[in-house]
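This briefing is meant for a reader meeting the structure for the first time. Please look over the sequence and the model shown here before turning to the notes below.

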Amino acid sequence: MNTSMWIVSALLVLCTVLPFVILNKSGKGDLKIMSNEIKKLMNESKLKFNLKESWGNSFIGLDSDNKALIFSKVFDGVVALENINLNDVLNAKIVKKTHVAKTQNKKETVLERMDLEIKFLDESREVKILNFYDIESIYIEDYELRRAEKWIAAINGAVATSLNRAKVA
């Protein structure tokens with residue numbers, strides 16, 4: 001191979017690999033910003049998570065002692081952070097939006113969006129929507145339904161404990 005072939009080969013490799021490296025680095029920067037915001041909130045509110053999970057650009061954590069649910073998402077360096085007092089929560093449920101797509105003579109249900117919907121004891125308070133998956137985001141579906149079911153059970157379990165304590169008192 002002559003020198004010009006090596007240069008062309010190297011440029012082709014760079015053009016192929018470089019976008020992935022840049023995207024990978026930019027996503028990690030966003031996640032670091034989100035992680036710092038969560039740590040800051042944990043220190044300020046003296047939270048300690050019994051259960052926590054992060055995926056894609058999202059994080060959820062539950063502190064059952066302080067009855068706190070933290071949910072965070074980050075897009076383009078902007079962190080959305082929800083701090084929900086579970087003493088104020090009536091219940092949580094999964095809300096899915098799907099559509100049927102026809103592929104090779106088969107009908108397939110495609111998940112478009114999945115949220116956790118948090119309802120509060122105070123009915124005048126607006127329902128809180130925590131987005132677990134959106135087909136429009138850059139992150140692919142990654143067991144979100146199982147993840148959401150686990151979190152619904154944890155949240156409703158913590159809420160039930162709070163409601164039982166309130167009834168006894």
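Predicted model: local features only at pLDDT ≥ 70, side-chain atom pairs only at ≥ 80, totals over all residues.

Two strands are taken to pair if DSSP finds at least two bridges between them.

- Four strands form an open sheet in the order E1-E2-E3-E4, and their pairing is antiparallel.
- At the edges lie strand E1 (51-55) and strand E4 (78-85), each of which pairs on one side only, while the twist from one strand to the next averages 10°.
- Eight bridges join strand E3 (residues 68-75) to E4 in the antiparallel sense, and Ala 68 stands opposite Asn 85 in E4.

**Leu 145**
- Leu 145 belongs to helix H2, which covers residues 144-168.
- Leu 145 counts as partly exposed because its relative accessibility is 31%, and that class lies between buried, under 20%, and exposed, over 50%.
- When neighbours within four places in sequence are left aside, Leu 145 is in contact with Ile 94, Lys 96 and Met 114.
- Asp 115 is 30 residues away from Leu 145 along the chain, and the C-alpha atoms of these two residues are separated by 9.6 Å.

**Asp 134**
- Asp 134 is placed in strand E7, which comprises residues 128-134.
- Not counting residues up to four places away in sequence, Asp 134 touches Glu 112 and Arg 113, and with Arg 113 there is a side-chain to side-chain polar contact of 3.2 Å.
- A polar atom of the Asp 134 side chain also lies 3.0 Å from the backbone nitrogen of Glu 136.

Definitions and conventions
Residues numbered from 1 in each chain as written. Heavy atoms only, no water. Helix = DSSP H or I, 4+ residues; strand = E, 2+ residues; numbered from the N terminus. Axes fitted to C-alpha atoms, helices over the stretch in contact; angles between N-to-C directions. Buried < 20%, exposed > 50% of the residue type's maximum accessible area, 1.4 Å probe, protein only. Contact = heavy atoms within 4.5 Å. Polar contact = N/O pair within 3.5 Å; in protein donor to acceptor, adjacent residues only side chain to side chain.
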